Amino acid sequence: MNFFKKEKRTALEAIEYAQWIAHAPIVFQAARVMRNNGIMQAIQDAGKKGLTLEEIVEKTKLPHYGVRVLLESGLGAGIVLENDKKYTLTKTGYFLLNDTMTRVNMDFVQDVCYKGLFNLEDSIKNEKPEGLKVFGNWKTVYEALSQLPDFVQKSWFGFDHYYSDDAFPLVLPLVFKNKPKKILDIGGNTGKWSIACAKFDKDVHMTIVDLPGQVNMAKQNIEKQGLSNRISFHETNMLIENQKLPKGYDAIWMSQFLDCFSEKEITSILNKCYEAINDDGFVFILEPFWDRQRFEAAAFSLQQTSLYFTAIANGNSQMYHSEVFLKCVSAANFEVVEQIDQIGVSQSLLRCKKK
Ligand SMILES: C[S@@+](CC[C@H](N)C(=O)[O-])C[C@H]1O[C@@H](n2cnc3c(N)ncnc32)[C@H](O)[C@@H]1O
């Protein structure tokens, strides 16, 4: 991956780009307001013909002044074009309106991160998620998750699921190659992976490990699916050193889980896995590593997502570079026997066994 080795901009492009960064929160809010209030939709519906400012005001029922300043912001930001007083959407405008990934990212940034990120500096200095205070007094977002306002939960889960959901069907055959009978799903969240496994192989028994709030959500989902006899639960906080995991598992699954922890914590959790898993079992880790991406925009998104962990989630974790992460795996006495990159939108699968 050579995205970040060389200067790519001329001096003029660089000072222009610096203005983009200086105004990024304003551009973000303007784009979101245009998206959420029907401005982009109205312009898209008009097709190549476009719409005048007055026609957009008429269609959206928004004040004339407001629509004008938003459209002018959108011109500079490359979201709309103006010819003969008619506005049309650019390709970027099209994606802002219609692309699921863009929508999921914007909603996550707005509803989960935006206000809290104001506290980034303190979060960095104090190594604490100081931005989480905008929601209440918790040590980590994971303890807060089931109590956050509905719209925040919706955007959080929308983001989380978007990046893991499409990988699940692709990795199921790999995980079940050795016919595991008992799988521990650590950080099982709403139960999506365990449900998928129980449906994929009628002989497997799953155990979800998570914090109480999430286990409750998972239980409800699993009951609805009629899978309560196939999926058990183990409520625990994986950060409590002396709380061990149950033993005797053929496989342990952790998807988008270990990025919730610092390097030291990752190794400590993997030490617990070492004790819980059978000697011939495998630990499967699904993670989006920013250095294993095909597209620069994917690496960029992950690098920026790291700062959500800094300011909101827990103050000490991130979307990792694979090299940093693999050191933690090795420190816990596991070796990676297989690594498959570019699964789904952004994931890598590590299959690890005891050294
Ligand atoms: C980012 S979500 C990943 C969910 C799911 N595995 C997926 O791939 O979509 C991380 C999960 O880890 C759980 N978690 C975070 N910290 C934890 C802890 N200290 N102990 C147990 N579970 C924890 C959270 O509650 C959440 O369900």
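**Reading contacts and exposure in a predicted model**

Me: Lysine 192 counts as partly exposed, at 37% relative accessibility. Which limits separate buried, partly exposed and exposed?

Reply: The structure above is a predicted model. A residue is called buried under 20% relative accessible area and exposed over 50%, with partly exposed in between. The 37% of lysine 192 therefore places this residue in the middle class.

Me: With which residue does lysine 192 form a salt bridge?

Reply: The general idea comes first. Side chains of opposite charge can pair when their charged atoms come close. In this structure, lysine 192 pairs with aspartate 165, and their closest N and O atoms are 2.8 Å apart.

Me: How many salt bridges does the model contain?

Reply: The count comes to 13 salt bridges. One of them joins aspartate 279 and lysine 354, with 2.8 Å between the closest N and O atoms. Since aspartate 279 lies in strand E7 (residues 277-287) and lysine 354 in strand E9 (residues 347-354), this pair ties together parts that are 75 residues apart in sequence.

Me: Are aspartate 279 and lysine 354 buried or exposed?

Reply: Each residue must be judged separately. Aspartate 279 has a relative accessibility of 65%, so this residue is exposed. Lysine 354 has a relative accessible area of 13%, and is therefore buried.

Me: Which residue pairs with glutamate 338 in a salt bridge?

Reply: Glutamate 338 pairs with arginine 351, and their closest N and O atoms are 2.9 Å apart. The pair links distant parts of the chain, for glutamate 338 is in strand E8 (residues 334-343) and arginine 351 is in strand E9, 13 residues apart. Glutamate 338 is partly exposed at 26% relative accessibility, whereas arginine 351 is buried at 15%.

Me: Which atoms of the ligand lie at what distances from polar atoms of the protein?

Reply: An oxygen atom of the ligand lies 2.6 Å from an N or O atom in the side chain of aspartate 160. For the side chain of asparagine 189, the distance from a ligand oxygen to an N or O atom is 2.8 Å. A nitrogen atom of the ligand is 2.9 Å from a polar backbone atom of methionine 238. The ligand taken alone exposes 600 Å², and the protein buries 95% of that area.

Me: How far apart in sequence and in space are alanine 167 and serine 348?

Reply: Alanine 167 and serine 348 are 181 residues apart in sequence and 9.2 Å apart in space, C-alpha to C-alpha. Alanine 167 sits in the loop between H10 and helix H11 (168-175), and is buried at 0% relative accessibility. A second pair is isoleucine 43 and alanine 331, which are 288 residues apart in sequence and 55 Å apart in space, C-alpha to C-alpha. Isoleucine 43 lies in helix H3 (residues 39-45), and counts as buried at 2% relative accessibility.

Me: Which residues form a nonpolar patch on the surface?

Reply: Tyr17, Trp20 and Ile21 form such a patch, and together they have about 300 Å² of accessible area. Residues of a patch must have over 30% relative accessible area. Tyrosine 17, in helix H1 (residues 11-22), is partly exposed with a relative accessible area of 34%.

Terms used:
Residues are numbered from 1 along each chain as its sequence is written. This is a predicted model: local features need pLDDT of at least 70, side-chain atom pairs count only at pLDDT 80 or more; totals for chains, interfaces and linings use all residues. Side-chain values use heavy atoms; hydrogens and water are left out. Patches are made of residues with over 30% relative accessible area and no salt bridge: like charges are joined within 9 Å, nonpolar side chains (Val, Leu, Ile, Met, Phe, Trp, Tyr) within 5 Å. Accessible areas come from the Shrake-Rupley method with a 1.4 Å probe; for residues, only the protein chains shown count as cover. A salt bridge is a side-chain nitrogen of Lys or Arg within 4 Å of a carboxyl oxygen of Asp or Glu. Helices (H or I, at least four residues) and strands (E, at least two) are DSSP runs, numbered from the N terminus. Buried means under 20% relative accessible area, exposed over 50%, partly exposed in between (1.4 Å probe, protein chains only). A polar contact is a pair of N or O atoms within 3.5 Å; within protein, one must be able to donate a hydrogen and the other to accept it, and residues adjacent in sequence count only if both atoms are side-chain atoms.
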